[in-house]
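Colleague: I am new to this structure and would like to go through it with you. Could we start with how the helices pack?

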Amino acid sequence: MSRIPVAIGLGDLGLTLAAVALGLAAGAIILALGGADPLSGVADILLSFIYYQEIFLVRSSILVMTALAFAIPLRMGFFNIGAEGQLYAGAAAALVAALTLPHTPLPALLAAAAAGGLMGLFAGLLRVKLNINEVLTTIMLNWIAFWSLRYVVVEYLADPIYSHLTLEVPPEARIPWIPSELLPAPLGEHLRSGFPTIVFLSLATALAAWAIIYRTVPGLRYRFAGANEYAAASRGVTVERVKLASMAAAGVLAGLGGALLILGHSYRIDSTLSGLFGYGFEGIGVALIGRNNPLGIVVASLFVGDLASGSERIQVTARIPAELADVVNGAIIFTVAALSGLRYTGIPRRLRSIAGRRG
């Protein structure tokens, strides 16, 4: 098996760090335009994970799942914009399964994986068998999932007391947290609500994805087909099957992301889906920042998760409205993701070539 470089090269690392610096500069400019102190605002954003640990840890964990759901089919040429809808499907399936079989979280996790996987596979079949663009189909599926879930939440799963919320996941079906008293002293003092174990589940998923992609024979076929499907087909790889598997795997990962959120944190779904909205779309930026490598995605998820908690913090420290805080957050993610995506255009390689000729 050929060895695939898994570490980020110095050139790529430099480009990523430059993109982060420019993204933060863009955020600082917006803060200044909003009348806030840009330097203290950026510092508050970067250090927000110290103060808003729960937001930071939970958001980072779910972003790992949705970013993997974008990155894995991308290598096969699929732009899976549907992680958002696949996450909705997973969350809904997990909630229904938890209410039906409440003794353990396992049935809910399996139901979420199946629901998300079927959505991903369906979009893959439309592309492979009918040549219907997956960007179009996954966007449409996102909206179908959104409105279908809203209907189900309001009509069938609403709590009789709090009608804007669904029934709660039974305690036995939840993914437990580590109590703060069992954590090491400095950590336990900060995390008074405990430590969410979904962090370990998302990390394990990322490590498993990395190991499968770079250290197994199916992973080698997947990378071979992604690099050159005609050469792969000539060597006996069933490219169509690999493409469908990549989309199904993406759906499974996004669906499990929805399950982790419902079973390990919120335990309910609100009627506007505000607790679910955006994870799938943010995962696209995280995947680009993390170079579509599962290990890079973990680091990028921590960065974007920190930005999410920073958005909450600067509303208090800089006294800016939530909308402006979200603009700052979005500007940083957009700048970093856009500049990180430059490598796919070949521009950095051409610039290095020009610089080499001049040298």
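Colleague: Which residues of helix 4 meet helix 11?

Modeller: In helix 4 they are Ala 83, Gln 86, Leu 87, Gly 90, Ala 91, Ala 94, Leu 95 and Ala 98. Their partners in helix 11 include Ala 250, Gly 251, Ala 254 and Gly 255. Contact here means heavy atoms within 4.5 Å, and helices are DSSP runs (H or I, at least four residues) numbered from the N terminus.

Colleague: How does that contact divide by class?

Modeller: The contact of helix 4 with helix 11 has 11 nonpolar, six polar and no charged residues. Ala, Val, Leu, Ile, Met, Phe, Trp, Tyr, Cys and Pro count as nonpolar, Asp, Glu, Lys and Arg as charged, and the others, Gly among them, as polar.

Colleague: Before we go on, what kind of model is this?

Modeller: It is a predicted model, in which local features need pLDDT of at least 70 and side-chain atom pairs count only at pLDDT 80 or more, while totals for chains, interfaces and linings use all residues. Residues are numbered from 1 along each chain as its sequence is written, and side-chain values use heavy atoms, with hydrogens and water left out.

Colleague: At what angle do helix 4 and helix 11 pack?

Modeller: Helix 4 (residues 83-100) and helix 11 (residues 239-266) pack at about 50°, with axes 7 Å apart. Axes are lines fitted to C-alpha atoms, for helices over the stretch in contact, and angles run from 0 to 180 degrees between N-to-C directions. The two helices are therefore oblique to each other; angles under 35 degrees count as roughly parallel, over 145 as roughly antiparallel, 65 to 115 as roughly perpendicular and the rest as oblique.

Colleague: And helix 3 with helix 8: what is the angle there?

Modeller: The axes of helix 3 (residues 53-74) and helix 8 (residues 198-215) cross at roughly 25° and come within 8 Å. Helix 3 and helix 8 are therefore roughly parallel to each other. Their contact has 12 nonpolar, three polar and no charged residues.

Colleague: Changing topic, how many salt bridges are there?

Modeller: The count comes to eight, with a side-chain nitrogen of Lys or Arg within 4 Å of a carboxyl oxygen of Asp or Glu as the rule. One of them joins Arg 313 and Asp 44 (3.7 Å, N to O). Arg 313 lies in helix 13 (residues 294-317) and Asp 44 in helix 2 (residues 38-46), so this pair ties together parts 269 residues apart in sequence.
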